[in-house]
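Here is a short briefing on open spaces and ring contacts. Look at the structure first, then read the points below.

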Amino acid sequence: MPRRLTGFTPSGDLHLGNYFGAIEPALREQVSGDTGIFISDLHALTLPHDPAEVRRRTLEFATLLLAAGVDPGLGPFFVQSQVPEHTELHYLLECATGYGEARRMIQFKEKSRRGQQVRLSLLTYPVLMAADILLYDAEEIPVGEDQRQHVELARDVATRFNAAYGPVFTLPRAVNPPVAARIMDVADPTVKMSKSLSAAGSLRLLDPPDVLRRTVMRAVTDGGAEVAYDPGHRPGVANLLTILSACTGTPPARLAENFSGYGTLKHAVADAVVALLEPIQRRYAELSADPEYVRKVLRQSAIEVRERAAVKVAQTKEAIGLLPV
């Protein structure tokens, strides 16, 4: 089973922050067989959605991850809904989770506080996320601060279950993504780059080169003219240097020494981003021409994953008191 688990919810568009914060680290760890990668399509159902759009994005995300270099032969790579053990374990874990615990989760609190009509799944999906994690005995879950609370819930539920019914689950812990994951919106460097369709400053992985260049050249900079890496006082320039550093592997402070103005910096960032994404986009176009190949990969992966997931579900059912088949 993988030591780490990384999930991608098919809503919005994958962008450069997703690549450096989640995709690239997962690719590195996959080589050693340490990472499982899945598309959490069930999580996309917690809010109003277009069914056709969820299906389209699920296939798009799978194709894009394969194009970026995910190798199903090196570790689990699957779509969440194609492994029914996720939802089966979800219910069993609900039987060990308090209502108050679920109600305290950030997304549910924020949306219910605004008086919005919320779906029951928004309340319970953190327990589904716990099932995603505990099903595979994952030890480390790379998440941003906004998801850390959910990993802590998974750990709490696992601890309570083990104490009540026996040692079934490995206790997970949240781990910080790389510094490069903190890539900010180039139009508003005070907020992280977003998958939202309305995010004007996101560099999306499937944006054509001319769109990527235009977005970078319109990036917000700061007062003054000197190029210096100072995230606290000059977040716009610091963000551009961070992006260039992530693309080239050179520390941002050292990169700053090479530029005398914002224009040349922006051109260098645009060139680096386009060069990074060009082979991914080319491979994506090739895979998109044969969507049945991608579906076949996902079906085969789901079969293999289910064989392992079924063992954990059987252990859980026996421990909690259900009759074996």
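**Pockets and aromatic pairs**

Helix α2 gives the most to the lining of the second largest pocket, with 5 residues. This is a predicted model, in which local features need pLDDT of at least 70 and side-chain atom pairs count only at pLDDT 80 or more, while totals for chains, interfaces and linings use all residues. Residues are numbered from 1 along each chain as its sequence is written, and side-chain values use heavy atoms, with hydrogens and water left out.

**Terms for the pockets**

- A pocket is an open set of points on a 1 Å grid over the protein atoms alone, where a 1.4 Å probe fits, with protein on both sides within 12 Å along at least five of seven lines.
- Lining residues have an atom within 4 Å of a point.
- A volume is the space filled by probe spheres set on the points, which are joined across faces, edges and corners.
- Helices (H or I, at least four residues) and strands (E, at least two) are DSSP runs, numbered from the N terminus.

**Second largest pocket**

- The volume of the second largest pocket is about 210 Å³.
- Its lining includes Asp41, Arg55, Arg56, Ser81 and Arg299.
- Both α2 and α12 (291–320) supply at least two residues each.
- By class, this lining has 4 nonpolar, 3 polar and 5 charged residues (Ala, Val, Leu, Ile, Met, Phe, Trp, Tyr, Cys and Pro are nonpolar; Asp, Glu, Lys and Arg are charged; the others, Gly among them, are polar).

**Largest pocket**

- The largest pocket has a volume of about 1,500 Å³.
- It is lined by 50 residues, and Thr9, Asn18, Asp146, Gln147 and Lys195 lie nearest its centre.
- Elements that give two or more residues to this lining include β1 (4–8), α1 (16–30) and α7 (145–165).
- The largest share, 5 residues, comes from α6.
- The lining divides into 24 nonpolar, 18 polar and 8 charged residues.

**Aromatic pairs**

- There are 5 aromatic pairs (rings of Phe, Tyr and Trp, its six-membered ring, with centres within 6.5 Å; planes under 30 degrees apart are stacked, over 60 edge-to-face, the rest tilted).
- Phe78 and Tyr136 have ring centres 5.6 Å apart and planes at 50 degrees, so this pair is tilted.
- Phe78 sits in strand β3 (residues 77–79) and Tyr136 in the loop between α6 and β4, 58 residues apart.
- Phe78 and Tyr136 are both buried (under 20% relative accessible area, with a 1.4 Å probe and protein chains only; exposed is over 50%, partly exposed in between).
- Phe161 and Phe169 pair edge-to-face, at 5.1 Å centre to centre and 65 degrees between the planes.
- Phe161 and Phe169 are also buried.
- One aromatic cluster is formed by Phe38, Phe78 and Tyr136.
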